[in-house]
Structures are given as C-alpha cells and as structure tokens.
Amino acid sequence: MSEVASPPLTGEHFGLHIPFMEAIGLLSVHSDPQAATTRLPWREDNTNSRGDVHGGALMSALDYTLSAAARAHIPESGMATIEMSTQFLSPAKGDIDFTAQCLQIIDEIAYCTAEARDSKQRLVATASASFKVVRKRDRNTRV
C-alpha cells in the first residue's frame, strides 16, 4: 500500500463519473485509505419479486465499493475487476450500507474485502475481490 497518507476521495463518485452507479442510486459516502463507505437507498426498481434488494444491485454496489477502497491508495488510478466472490447471508431489506477495506496492493493487484449491512446492522452479504490497477487515461478514450 501507499506509504504516503492519501486524502479522502471526493466528488461525484469519489472523483469519478459512473453512470451505472447513478442508475442504481448508489451514494458515495466516504473513502480514505482505511475504508470506503457507500449506501444504496431502497428503491423499488432495485428489488426482486419479493421486494428485497436484488442480488445484482448488491453485487454492483459491492464491486464499486471494493474498488473505491483500493483507489483510495492510488487516487489517480482506476481499478479493473479481476475476480469477485460474493456470499449472500440474508435478504437485503431497506437501505443497505457497504464498507470495504483494501488489504494490500502487490505488483499492481489490489486485494479487498467488504460487507453489506441493512439499517438494523444485520449482515446481508460479504465479498472479496482483486483488481488490476489501471493508470489514468484520457476520459474520452474508449480503447
């Protein structure tokens, strides 16, 4: 990990414009080298047939929050998901809070863990992921 303490990331989605996170309504709460925190407010369009938060919405929020935890160590970079493992522990009801930590970055690969909790602090999901560090490129470049 970085030897120099990085300031908290700020801006739309910790400094990035991410239309998909806007589409699901994810809120970026806080990010620094210790942890990244986001919130997914309950919305009907993010639910499954039972009215619980859909697993796909949870996984998307987890992936973003995990990558934000890694990016807090290298703020001028992006992260490309290599792999992610998710464990669903109970139905996700209501607003969901996500917290992720970057365990280490070795040879441009970041290793992170996260959890998702409902408003009653019940653990609804956990995840771990690895990311390839992607150095900053021109925003208008698509390849």
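Reader: What joins strand 1 to strand 2?
Author: A hairpin does, through 2 residues. Before we go on: this is a predicted model, with local features needing pLDDT of at least 70, side-chain atom pairs counting only at pLDDT 80 or more, and totals for chains, interfaces and linings using all residues. Residues are numbered from 1 along each chain as its sequence is written, and side-chain values use heavy atoms, with hydrogens and water left out.

Reader: What makes strand 1 and strand 2 a pair?
Author: Strands here are DSSP runs of E, at least two residues, and helices are runs of H or I, at least four residues, numbered from the N terminus. Two strands pair if DSSP finds at least two bridges between them. Strand 1 (residues 27–32) and strand 2 have 5 bridges and run antiparallel, so they pass. In that pairing, Leu-27 stands opposite Arg-39. Arg-39 also has Asp-97 in strand 4 as a bridge partner.

Reader: Why are strand 1 and strand 3 called edges?
Author: The 6 strands form an open sheet in the order 1-2-4-5-6-3, with antiparallel pairing. Strand 1 and strand 3 (77–88) each have a single partner strand, so one side of each is left without a neighbour in the sheet.

Reader: Which residues of the largest nonpolar core touch the most other members?
Author: Leu-26, Leu-66, Ile-96, Phe-98 and Ala-110, out of 34 residues. Helix 2 gives the most to this core, with 9 residues. A nonpolar core is a set of buried Ala, Val, Leu, Ile, Met, Phe, Trp, Tyr and Cys residues joined through side-chain atoms within 4.5 Å.

Reader: How do you know that Asn-46 is buried?
Author: Buried means under 20% relative accessible area, exposed over 50%, and partly exposed in between (1.4 Å probe, protein chains only). Asn-46 is at 7% relative accessibility, so Asn-46 counts as buried. Asn-46 sits in the loop between strand 2 and helix 2. Contact means heavy atoms within 4.5 Å, and leaving out residues up to four places away in sequence, Asn-46 touches Ile-24, Leu-40, Asp-52, Val-53, His-54 and Ala-57.

Reader: What makes the pair of Asn-46 and Ile-24 a polar contact?
Author: A polar contact is a pair of N or O atoms within 3.5 Å; within protein, one must be able to donate a hydrogen and the other to accept it, and residues adjacent in sequence count only if both atoms are side-chain atoms. The backbone oxygen of Ile-24 lies 2.7 Å from a polar atom of the Asn-46 side chain, so the distance is within the cut-off.
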